[in-house]
Amino acid sequence: MAEHSFDIVSKVDMQELSNAITQAEREIDTRFDFKGTKTSFTLEKSDLVVVSDDEYKLKSVIDILQSKMIKRGVPIKNMEFGKIEGASMGTVRQKIKLKQGIEQDSSKKINTLIRDSKIKVKSQIQGDSIRVTGKNLDDLQAVIALLRGADLQIDLQFTNYK
């Protein structure tokens with residue numbers, strides 16, 4: 001009988017994120033409460049920097065961005081917010097780190113969850129992803145259902161399902 005497998009990964013689609021940022025910028029440009037504000041988004045490798053006039057507007061801008069991200073299917077669980085700090089010309093900025101890949105401690109937690117479930121599969125950590133193998137496709141589906149129901153701090157995607 002053949003071995004079946006899939007990979008558990010956690011990635012942010014940067015193209016979709018860029019599209020969500022563009023949509024958020026358009027909405028901010030058309031909204032009356034943001035007329036004349038110095039609001040901007042800057043994407044730097046795996047960081048997103050949001051700048052606005054004050055903390056209240058900054059939080060509103062982030063809410064708009066998150067709603068656009070949800071509509072485009074970009075996981076907001078993978079955002080790690082830095083502290084709000086003062087910027088030039090009386091504005092405030094916040095750095096948002098975008099988590100790519102599954103960190104080591106999260107990988108161990110996922111492996112433990114799979115092992116404790118007593119489902120007949122094997123899981124092994126491969127860098128920033130986890131490979132799950134098993135003889136029965138239903139067991140793999142059960143693992144996916146288990147992980148979707150688990151309360152994890154990151155968003156998971158399931159790829160290479162064979």
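Biologist: Is F6 buried or exposed?

Modeller: F6 is buried, at a relative accessible area of 0%. Buried here means under 20%, exposed over 50% and partly exposed in between, using a 1.4 Å probe and protein chains only. Keep in mind that this is a predicted model: local features need pLDDT of at least 70, side-chain atom pairs count only at 80 or more, and totals for chains, interfaces and linings use all residues. Residues are numbered from 1 along each chain as its sequence is written, and side-chain values use heavy atoms, without hydrogens and water.

Biologist: Which ring does F6 form an aromatic pair with?

Modeller: With F158, edge-to-face, at 5.8 Å centre to centre and 75° between the planes. The structure holds one aromatic pair. Rings of Phe, Tyr and Trp (its six-membered ring) pair with centres within 6.5 Å; planes under 30 degrees apart are stacked, over 60 edge-to-face, the rest tilted.

Biologist: Nice. Where do F6 and F158 lie?

Modeller: F6 is in strand 1 (residues 4-9) and F158 in strand 8 (residues 157-159), so the pair ties together parts that are 152 residues apart in sequence. Strands (E, at least two residues) and helices (H or I, at least four) are DSSP runs numbered from the N terminus.

Biologist: New topic: which residues touch the most other members in the largest nonpolar core?

Modeller: L17, F41, L48, V50, L65 and M69, out of 21 residues. A nonpolar core is a set of buried Ala, Val, Leu, Ile, Met, Phe, Trp, Tyr and Cys residues joined through side-chain atoms within 4.5 Å. Helix 1 (14-30), strand 3 (47-52), helix 2 (55-71) and strand 5 (92-98) each give two or more residues to this core, and helix 2 gives the most, with six. Another core, of 18 residues, lies apart from it and includes F6, I114, L140 and L147.

Biologist: And what is L48 in contact with?

Modeller: Beyond its neighbours within four places in sequence, L48 is in contact (heavy atoms within 4.5 Å) with I21, F41, T42, L43, L65, Q94, K95 and I96.

Biologist: Last one, the open sheet: what is the strand order?

Modeller: The order is 2-3-5-4, four strands with antiparallel pairing; strands pair if DSSP finds at least two bridges between them. Strand 2 (40-44) and strand 4 (79-86) are at the edges with a single partner strand each, so one side of each has no neighbour in the sheet. Six bridges join strand 3 to strand 5, and S52 stands opposite V92 in strand 5.
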